[in-house]
Amino acid sequence: MDATVPAPARAALAERAVLSRYLHRFGPVAWAHASPGSRTWHYWWHAHLVHVLADTERRAPDRRRRAVLAAVVRGVGLRTGLTWITPYYDDIAWMGLALDAAGGHRWPRRRIARRLAGAVDPRTGVLPWRVGSTLFNAPANAPGGLVLVAHGRRDAAERFADWMASVLHDDDTGLVRDGREDGHVRPDLWTYNQGAVIGLELALAHANPVGAAHEDRARALIRAVDAWCAPQDGLFPAAGGGDGGLFAGILARYLAEAAVRVSGPEGAAARRLVERNADAIWATAVDGLFSADPRRPARPEGDDLDLSVQLGAWITLEAAAAIAPRP
């Protein structure tokens, strides 16, 4: 697609493409189907739909988008029977972050924060992946910590961050490994874990500006991500469709935040990574459809049709728009 199109216009096209292809309105409520022709509804994917709508609205306010956002949030409430939760603490945490970004919705936001605070395992001091699980992982503790920081529970969020830094840190790469289960650390390295941990460390640094440890960790992780992506010319590792379609977009969101909040070479690296991946996503789009792997053109079949993939692309393009120079 035309490389001269500015970042805000790219994000606007992505928004229109996703909403027109996937969103369904039912009176005052709305939700998105998992793929064209499907009726499957995904709680976690909707957390990111709410979040990117809120991010876009904050950057470029529009009454029509506010109406869509309100309808999607009502749809989440309806689909969960007004409980707003699932047995998965990682999913709950991401929904809490999305509702925090959207503003309002005080009761479900507080309910999610209380649910997460009450789920902390007394032996480890951190969150399990889901109810009854022996897996303690970054996908639950990084966004869970972000929710708790926003709701005034910094001590718990500090424990989550310290635990991930001591247990999940990969000495070879400097990246965050996936989790620990029954005493064994899972070695998987996923883009979204890096992004959410960067976000948590920056939130803790902001909450306690006297201490530099959290910002130092964020800077070190940005450098590690930069080195990780360097062999692929700065492109994030692709994770296919399904939930993986969102992973790179989540990293882009928090790198964009770092590009604004972190000075020096790490802030510059964060900006460069967001812009590089947004450019690749834009360059490989075909007729408003984005690719699960921006090393190739989008295809109207397979993983590329997943809502998650299209949301992930929109999140990345919105991240680039958020840090683009103002006209």
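How many helices and strands does the protein chain have? It comes out at 12 helices and 5 strands, where both are DSSP runs numbered from the N terminus, helices being H or I with at least four residues and strands E with at least two. The radius of gyration of the protein chain, taken over C-alpha atoms, is 18 Å, close to the 20 Å from the globule rule for 327 residues, so the chain is as compact as a globular protein of that length. That rule is 2.2 Å times the number of residues to the power 0.38. Along the principal axes, the C-alpha atoms fill a box of roughly 50 × 45 × 35 Å.

A word on the ground rules: this is a predicted model, with local features needing pLDDT of at least 70 and side-chain atom pairs counting only at pLDDT 80 or more, while totals for chains, interfaces and linings use all residues. Residues are numbered from 1 along each chain as its sequence is written, and side-chain values use heavy atoms, with hydrogens and water left out.

Among contacts (heavy atoms within 4.5 Å) with a separation of 6 or more, 66% link residues 24 or more positions apart. The chain exposes about 13600 Å² (Shrake-Rupley, 1.4 Å probe), and carbon and sulfur atoms supply 52% of it. As for charge, there are 39 positive side chains (Lys and Arg) and 36 negative ones (Asp and Glu), with His and the chain ends not counted. The centres of the two sets lie 9 Å apart, placing each charge at NZ of Lys, CZ of Arg, CG of Asp or CD of Glu.

Zooming in, Glu 318 sits in helix H12, which covers residues 307-322. Glu 318 counts as buried because its relative accessibility is 3%. Its side chain makes a polar contact of 3.3 Å with that of Thr 56 (a pair of N or O atoms within 3.5 Å; within protein, one must be able to donate a hydrogen and the other to accept it, and residues adjacent in sequence count only if both atoms are side-chain atoms). Leaving aside residues up to four places away in sequence, Glu 318 touches Ala 11, Val 52, Asp 55, Thr 56 and Arg 59.

Then there is the backbone. Most residues other than glycine have a negative phi. Trp 84, in the loop between helix H3 (63-79) and helix H4 (89-102), has a positive phi near 70°, and counts as buried at 8% relative accessibility. Asp 182 also has a positive phi, near 50°, and lies in the loop between strand S4 (177-181) and strand S5 (184-189). At 55% relative accessibility, Asp 182 counts as exposed.

Terms used
Buried means under 20% relative accessible area, exposed over 50%, partly exposed in between (1.4 Å probe, protein chains only).
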